[in-house]
Amino acid sequence: MGTLLLGHGAGGGIEAPDLLAATDAAVAGGWRVLRVEQPWRVAGKRVAAAPRGWTRAGRRSTPASPTC
């Protein structure tokens with residue numbers, strides 16, 4: 001099918017129950033799923049700094065893929 005890129009909200013991580021359910025459903029439907037942990041969570045912070053733009057952060061944290 002294609003690739004589905006999922007990111008979490010401010011209060012959770014990539015193991016949040018809603019993301020896991022969405023991942024399971026998408027994989028069962030034939031999709032490849034990439035779950036992205038936000039950079040501020042990887043750095044060990046509990047709260048994100050004010051964003052300058054998702055595109056910039058997204059480019060740094062997502063792999064190049066012709067299907068994205």
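Helices are DSSP runs of H or I with at least four residues, and strands are runs of E with at least two, numbered from the N terminus. The structure is a predicted model, in which local features need pLDDT of at least 70, side-chain atom pairs count only at pLDDT 80 or more, and totals for chains, interfaces and linings use all residues. Residues are numbered from 1 along each chain as its sequence is written, and side-chain values use heavy atoms, with hydrogens and water left out.

**First stop: Leu19.** Select Leu19, which lies in helix α1. Leu19 counts as buried because its relative accessible area is 8% (buried is under 20%, exposed over 50%, partly exposed in between, with a 1.4 Å probe and protein chains only). Beyond its neighbours within four places in sequence, Leu19 is in contact (heavy atoms within 4.5 Å) with Leu6, Gly7, His8, Gly13, Ile14 and Arg35.

**Second stop: Thr23.** Select Thr23, also placed in helix α1, which covers residues 17-28. Is Thr23 buried or exposed? Thr23 counts as buried, because its relative accessibility is 11%. Now display the backbone oxygen of Leu19, which lies 2.7 Å from a polar atom of the Thr23 side chain. With neighbours within four places in sequence set aside, the contacts of Thr23 are Leu6, Val33 and Arg35.

Finally, select Leu4 in strand β1, which covers residues 3-7. Leu4 has 30% relative accessibility and therefore counts as partly exposed.

Technical notes: A polar contact is a pair of N or O atoms within 3.5 Å; within protein, one must be able to donate a hydrogen and the other to accept it, and residues adjacent in sequence count only if both atoms are side-chain atoms.
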